[in-house]
Amino acid sequence: MKKTKASSSSNNYSELFTCDILGLVDRDREIKQLMYALFTKEHMLLMGPAGTAKSQFAMNAFKAIDKSKVFSIHLTKQTTEEYVYGPLNIIELKKGNLVHNTKDSILDADFAFLDEFFDASDVLLRSLLGVLNERHWMKGSQQIPAKLHTAIVTSNYQRENEVTEAILDRLIFKAEIQPVTAKNKRIKIYNDYLSKPNFSPVKILDLDKLKKFTDLVDDPKSVTFDKNIMEAYDLLLTEFCKESKKYISQRTANKALKVVKVSTLLDGRDKAIYSDLEELKYVFCVLNKRIEEEIFDAVYERCVGKAEEERQVMTDLDELEAKVNAMPGNFDSLTDQEFINKMRELNEYIHLIESMTAPTTKVTNKKESILNRMRNLIADNRDKLFKRDKSNAIESGTSSSPKTTKTEEVIEGEEVKEEEMPF
């Protein structure tokens with residue numbers, strides 16, 4: 001498909017976020033997932049054992065965004081709402097009103113880092129539901145919109161109950177962070193620790209530019225989805241849920257479409273294609289959870305991969321068919337050399353089409369249709385030039401020997417033997 005620029009603001013921001021920039025090692029896939037979280041204004045959960053740089057990942061990512069305000073907190077069972085939403089206003093409290101001073105709280109921040117997330121009480125986690133999803137906080141008479149763009153929450157474990165199930169559904173990007181195992185990468189971590197003890201990432205993305213891009217993602221007209229893409233998306237979703245036995249809520253299914261839009265826009269297009277659906281792995285799967293990713297890959301190949309391969313082959317076939325249709329049906333008006341060139345061209349097209357794979361019945365039928373068209377074109381014209389040359393020879397009274405025909409002269413000039421003729 002020909003790429004068309006959707007907007008000048010759709011620069012490839014994905015190239016800005018790298019392990020070196022963020023002071024990390026072997027976290028490229030997690031950084032790509034973070035990219036999708038930032039560009040969709042969604043949240044990310046990092047789970048894994050202690051000492052795997054989850055906190056460093058979150059803080060360095062937010063530090064790399066210029067003009068942003070970050071709220072960070074280490075949650076415990078004793079953490080109350082005052083620590084997250086701000087202290088009570090003493091003056092209002094004396095009047096009998098429970099009013100929080102939300103300045104410098106999570107409601108006043110662009111980004112939030114919530115460490116040891118599942119150590120928090122269910123009461124606090126429940127109060128975070130509206131902030132994370134609706135970006136709105138209600139407490140008594142206070143109803144305050146939250147500036148929050150993206151939150152990264154970390155934990156050494158996952159606690160499951162009714163409250164955490166609801167809040168996990170608000171965190172559509174999830175990753176399991178494991179220790180680095182490759183020796184050369186561990187050596188790099190040691191060297192980085194020794195050579196960059198006070199590492200701080202440079203500012204690589206301006207908050208205003210990030211918001212401009214997310215506005216483009218939210219624009220209902222920025223990316224179009226044709227019927228085939230939407231059907232492929234639904235099939236991929238339902239088949240993945242069926243085979244993985246994993247529940248994906250309608251809320252998450254809807255939000256996952258924004259990942260497809262980001263993939264499209266970052267590639268400079270305004271129309272989603274099949275390959276964009278492969279990026280849904282970063283939403284449907286807990287990243288680095290091997291069984292989920294393997295199921296996704298298998299389902300994608302079965303449900304979407306063949307469709308994408310079909311699209312690519314059909315595009316090539318359409319181009320060849322257009323070239324054949326542009327040829328005259330009757331070669332009588334062609335010169336000898338033009339006749340030979342057309343026959344060679346048709347023969348080359350036949351060999352090319354025969355070598356193409358046919359992933360679906362639709363492609364097979366298309367191939368046969370074009371091949372039959374070309375073979376009939378060759379059959380209808382192959383004897384005309386010879387008949388015309390012999391007729392011309394008789395009318396001029398010259399010898400009718402094959403060696404004196406115009407066709408033979410052209411062939412000899414091309415140094416092509418008769419058995420090597422393409423027709």
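Biologist: Which residue stands opposite Phe173 in E8?

Modeller: In general, strands of a sheet pair through backbone hydrogen bonds, either parallel or antiparallel. Here, in this predicted model, Met44 faces Phe173 of E8. Strand E1 (residues 44–47) and E8 are paired in the parallel sense, over four bridges. Two strands pair if DSSP finds at least two bridges between them. Strands (E, at least two residues) and helices (H or I, at least four) are DSSP runs, numbered from the N terminus.

Biologist: What is the order of the strands in the open sheet?

Modeller: The five strands run E3-E4-E7-E1-E8, with parallel pairing. At the edges stand strand E3 (70–74) and strand E8 (173–176); each has a single partner strand, so one side of each is left without a neighbour in the sheet. From one strand to the next, the twist averages 10 degrees; the axes are lines fitted to C-alpha atoms, with angles from 0 to 180 degrees between N-to-C directions.

Biologist: Is Thr154 buried or exposed?

Modeller: Buried means under 20% relative accessible area, exposed over 50%, and partly exposed in between (1.4 Å probe, protein chains only). Thr154, which lies in strand E7 (residues 150–155), counts as buried because its relative accessibility is 0%. Leaving out residues up to four places away in sequence, Thr154 touches Leu46, Lys54, Phe113, Leu114, Asp115, Glu116 and Phe117. Contact means heavy atoms within 4.5 Å.

Biologist: How many aromatic pairs does the structure hold?

Modeller: A pair of aromatic rings is described by the distance of the centres and the angle of the planes. Rings of Phe, Tyr and Trp (its six-membered ring) pair if their centres lie within 6.5 Å; planes under 30 degrees apart count as stacked, over 60 as edge-to-face and the rest as tilted. The structure holds 12 such pairs. One of them is stacked because the ring centres of Phe62 and Phe111 are 4.9 Å apart and their planes are at 20 degrees. This pair links distant parts of the chain, with Phe62 in helix H3 (residues 54–63) and Phe111 in strand E4 (residues 111–115), 49 residues apart. Phe62 is buried at a relative accessible area of 1%, and Phe111 is buried at 0%.

Modeller: Tyr85 and Trp137 are also stacked, at 4.6 Å centre to centre and 20 degrees between the planes. Tyr85 belongs to helix H4 (residues 81–85) and Trp137 to strand E5 (residues 136–139), so the pair ties together parts 52 residues apart in sequence. Both are buried: Tyr85 has a relative accessible area of 0%, and Trp137 has 2%. Elsewhere, Tyr233, Phe240, Phe284, Phe296 and Tyr300 form one aromatic cluster.

Biologist: Where does pLDDT stay under 50?

Modeller: pLDDT is the predictor's confidence in each residue, from 0 to 100. Where pLDDT is low, the predicted coordinates should not be read in detail. Here it stays under 50 over residues 1–11 and over residues 400–423. The protein chain averages 85, and 87% of the residues score at least 70.

Biologist: Which conventions should I keep in mind?

Modeller: Residues are numbered from 1 along each chain as its sequence is written, and side-chain values use heavy atoms, without hydrogens and water. As this is a predicted model, local features need pLDDT of at least 70 and side-chain atom pairs count only at pLDDT 80 or more, while totals for chains, interfaces and linings use all residues.
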